[in-house]
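Notebook open, model loaded. I want to go through the aromatic rings, then a few spots on the helices and loops.

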Amino acid sequence: MRRALQAAAVYFAIVFSLAFVLGTARTLLLAPRTGDLIAVLIEAPIILLVSWFAARWCTRRLSVPAQAPDRLAMGLAAFSLLMTVEAVLGLALFGRPLAQQFAAFGTPAGAIGLLAQVAFGLMPLLASRHR
């Protein structure tokens, strides 16, 4: 289980770093031109592809067992980190209360973003199924 938690932290750091850069570009450059929904539809597949490769790399590099409980623990821990950091950043950087952040999931763009985040959390398990 220790390996799964270590891998979760590394997996989160890799994907979040890229997602932060892409999310900034999406918000500042793409969304004003295309709208939020199209911008998220462009960004999400890129992040999911990176998540796939990062999950595979982390599970191999950190020797996370291929059993479902270990991979689910890794994904759940990474997902928890993601949601926590996003909530804190939303509040600290943008002054968005948690209620407002959760309400955003009710929009089409927000729902797609949330589905992508859930897929991010499941990616360690899905990557083990690929082998």
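This is a predicted model: local features need pLDDT of at least 70, side-chain atom pairs count only at pLDDT 80 or more; totals for chains, interfaces and linings use all residues.

I started with Phe 12 and Phe 16, which sit four residues apart in helix H1, so about one helical turn separates them.

Next I looked up how the two rings sit. Phe 12 and Phe 16 form a stacked aromatic pair, with 5.2 Å from centre to centre and 20° between the planes. Buried or exposed, I asked of Phe 12? Phe 12 has 12% relative accessibility, so I logged it as buried. Phe 16 comes out at 16%, so it goes down as buried too; the cut-off for buried is under 20%.

Then I followed the rings along. Ring pairs join Phe 12, Phe 16 and Phe 20 into a cluster. Phe 20 is also in helix H1, but its relative accessibility is 43%, so I wrote it down as partly exposed. I also checked Phe 20 against Arg 71: they are 51 residues apart in sequence, and their C-alpha atoms are 24 Å apart in space.

How many aromatic pairs does the structure hold? I got four. One of them is Tyr 11 with Phe 120: the ring centres are 4.5 Å apart and the planes are at 10°, so I noted the pair as stacked. Tyr 11 is in helix H1 (residues 2–34) and Phe 120 is in helix H5 (residues 108–130), so this pair ties together parts that are 109 residues apart in sequence. Both Tyr 11 and Phe 120 are buried.

While on H1, I listed its buried residues. Among them are Ala 4, Ala 7, Ala 8, Val 15, Gly 23 and Ala 31. I also found that H1 bends by about 45° at Arg 26. Just after H1, Gly 35 takes a positive phi of about 95°.

Ser 63 has phi near 50°, a positive value in a residue other than glycine. Where is Ser 63 found? Ser 63 is in the loop between H2 and helix H3 (68–94). Its relative accessibility is 41%, so I put Ser 63 down as partly exposed.

Next, the surface. Leu 37, Ile 38, Leu 41, Ile 42 and Ile 46 make a nonpolar patch there, and together they have about 400 Å² of accessible area. I picked out Leu 41, which lies in helix H2 (residues 36–61). Leu 41 has a relative accessible area of 43%, so it is partly exposed.

Last entry: Phe 105. I located Phe 105 in the loop between helix H4 (98–104) and H5. At 23% relative accessibility, Phe 105 counts as partly exposed. Which residues is Phe 105 in contact with, leaving aside its neighbours within four places in sequence? I found Met 83, Gly 110, Ala 111, Leu 114 and Gln 117. I also looked up Phe 105 and Leu 115: they are 10 residues apart in sequence, with 9.5 Å between their C-alpha atoms.

Notes
Residues are numbered from 1 along each chain as its sequence is written. Side-chain values use heavy atoms; hydrogens and water are left out. Patches are made of residues with over 30% relative accessible area and no salt bridge: like charges are joined within 9 Å, nonpolar side chains (Val, Leu, Ile, Met, Phe, Trp, Tyr) within 5 Å. Accessible areas come from the Shrake-Rupley method with a 1.4 Å probe; for residues, only the protein chains shown count as cover. A salt bridge is a side-chain nitrogen of Lys or Arg within 4 Å of a carboxyl oxygen of Asp or Glu. Helices (H or I, at least four residues) and strands (E, at least two) are DSSP runs, numbered from the N terminus. Buried means under 20% relative accessible area, exposed over 50%, partly exposed in between (1.4 Å probe, protein chains only). Rings of Phe, Tyr and Trp (its six-membered ring) pair if their centres lie within 6.5 Å; planes under 30 degrees apart count as stacked, over 60 as edge-to-face and the rest as tilted. The bend at a residue is the angle between axes fitted to the seven residues ending there and the seven starting there. Contact means heavy atoms within 4.5 Å.
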